[in-house]
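Colleague: I have a few questions about this model. Can we go through them one at a time?

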Amino acid sequence: MKRSIGIIGIGWVGSSIAMSILQSGIADELLLFDSNTQIAEGEAMDLSHGASFYSAAEVKMVTIDEMLHADVIVISAGRAGNASESRLNLLQENAKIIRSIGAQLTNYKGIVVVVTNPVDMLTKILTEISKLPSHRVIGSGTILDTARLKQTLGKILNIDPHSVHAQVIGEHGDSEVILWSSIKIGGVELKNLKNWDITWQTKVDEEVRYAAYNIIQRKGATNHAIGLATAHLLKSILRDERRVLTVSKVQDSIKELHGIALSLPTIIGAKGAIDTLMPDMNAIEKDQLMSSANILIKAAENLDRS
Ligand code: NAD
């Protein structure tokens with residue numbers, strides 16, 4: 001059976017997601033839509049010309065209606081922030097875009113992956129507008145922040161990031177929560193590693209939390225790492241891997257977080273977000289997670305719904 005992925009919004013992020021999908025060989029068909037049809041068509045042409053260098057896949061520009069048979073639809077449409085703008089600042093503008101896309105997905109049978117920022121708020125809005133079950137609307141959430149944390153620590157400790165067991169949860173944004181107390185390498189707690197100095201924690205925290213601003217200041221956007229992270233998430237869905245990833249969804253199994261979309265470790269497979277895990281946390285981390293949730297609740301209250 002053909003594995004098909006649609007992407008809506010083919011800017012910096014959408015085109016990097018497309019490249020990562022093709023290079024990982026997870027799709028037989030890649031369908032691109034952008035409100036600027038010239039961009040979608042140009043990217044489809046450019047990516048198609050690389051066909052000699054990736055596993056067989058057809059890439060073409062389509063309308064949203066023409067991608068409704070896809071196994072997964074990724075949404076990366078909307079404005080990106082500048083270097084001094086928080087992700088939540090994009091909410092009013094990008095909510096309008098997500099509402100109009102969500103209204104076209106009410107009969108969709110596959111999984112939706114939201115990447116546009118602020119990703120948690122927009123995952124919630126898309127779930128509400130499309131009326132799709134919450135396990136079929138997944139925000140890329142803190143997958144990227146978790147990857148940044150593993151890479152930053154791995155570099156300091158001179159260990160491959162794959163072997164750094166660490167997670168970032170909560171909002172994909174300024175209030176995200178780094179779970180310092182559970183970071184382990186080879187079963188050893190970070191604080192007990194002989195080449196780790198606790199005074200480095202503040203610097204690592206800042207590097208991870210504010211990474212996007214630092215990149216946007218230099219090159220105007222972030223795109224490659226989110227492209228790779230999204231393709232990794234898509235692979236877990238299409239291959240029914242049941243990988244645990246820190247993604248966002250409207251939480252419905254944890255009482256204190258009910259109805260809020262934010263990231264927690266989640267089992268990802270062909271049915272979407274199969275189950276959510278509540279990680280072990282110390283008292284500080286629990287407070288930080290509730291503060292992160294409260295920031296998202298306030299943002300929802302202040303949202304202009306017109
Ligand atoms: P960009 O401006 O390069 O691309 C956005 C694209 O969306 C444009 O091509 C535009 O024509 C298109 N678009 C706008 N409205 C549309 C609509 N209604 N339907 C279809 N297409 C539409 O921006 P970018 O740098 O690619 O960023 C896209 C989004 O991804 C931003 O919101 C950014 O903040 C977000 N982002 C998220 C993460 C994450 O970790 N979740 C990481 C990086 C960027």
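Colleague: Which pocket does the ligand sit in?

Modeller: Keep in mind that this model is predicted. A molecule sits in a pocket if more than half of its atoms lie within 2 Å of the pocket's grid points. The ligand sits in the second largest pocket.

Colleague: Which elements give two or more residues to the shell around the ligand?

Modeller: The ligand is surrounded by 25 residues. They divide into eleven nonpolar, twelve polar and two charged. The elements that give two or more residues to this shell are helix H1 (12–24) and helix H3 (91–102).

Colleague: How far is the polar side-chain atom of Asp-34 from an oxygen atom of the ligand?

Modeller: Asp-34 is among the closest residues to the ligand, as are Trp-12 and Val-13. A backbone N or O atom of Trp-12 lies 3.0 Å from a ligand oxygen. For a backbone N or O atom of Val-13, the distance to an oxygen of the ligand is 2.8 Å. For the polar side-chain atom of Asp-34, it is 2.6 Å.

Colleague: How much of the ligand's accessible area does the protein cover?

Modeller: Start with the ligand on its own. It then has 870 Å² of accessible area. The protein covers 84% of that.

Colleague: Is Asn-223 buried or exposed?

Modeller: Asn-223 is in the loop between helix H7 (211–219) and helix H8 (224–238). Its side chain makes a polar contact of 3.0 Å with the side chain of Ser-16. Buried means under 20% relative accessible area. Asn-223 has 6%, so it is buried.

Colleague: Which peptide bond is cis, with omega near 0°?

Modeller: Most peptide bonds are trans. Look at the loop between strand S5 (111–114) and helix H4 (119–130), where Pro-118 lies. The cis bond runs from Asn-117 to Pro-118.

Colleague: What is the phi of Asn-158 near?

Modeller: Most residues other than glycine have a negative phi. Asn-158 lies in the loop between helix H5 (143–157) and strand S7 (164–165). It is exposed, with a relative accessible area of 73%. The phi of Asn-158 is positive, near 60°.

Colleague: Is Asp-240 exposed or partly exposed?

Modeller: Asp-240 lies in the loop between H8 and strand S12 (243–250). Its phi is positive, about 50°, although Asp-240 is not a glycine. Exposed means over 50% relative accessible area, and buried means under 20%. Asp-240 has 41%, so it is partly exposed.

How values were computed
Residues are numbered from 1 along each chain as its sequence is written. This is a predicted model: local features need pLDDT of at least 70, side-chain atom pairs count only at pLDDT 80 or more; totals for chains, interfaces and linings use all residues. Side-chain values use heavy atoms; hydrogens and water are left out. A residue is near a molecule or strand if one of its heavy atoms lies within 4 Å of it. A polar contact is a pair of N or O atoms within 3.5 Å; within protein, one must be able to donate a hydrogen and the other to accept it, and residues adjacent in sequence count only if both atoms are side-chain atoms. Accessible areas come from the Shrake-Rupley method with a 1.4 Å probe; for residues, only the protein chains shown count as cover. On a 1 Å grid over the protein atoms alone, a cavity is a set of points where a 1.4 Å probe fits but cannot get out, and a pocket is an open set with protein on both sides within 12 Å along at least five of seven lines; lining residues have an atom within 4 Å of a point. Helices (H or I, at least four residues) and strands (E, at least two) are DSSP runs, numbered from the N terminus. Ala, Val, Leu, Ile, Met, Phe, Trp, Tyr, Cys and Pro count as nonpolar, Asp, Glu, Lys and Arg as charged, and the others, Gly among them, as polar. Buried means under 20% relative accessible area, exposed over 50%, partly exposed in between (1.4 Å probe, protein chains only).
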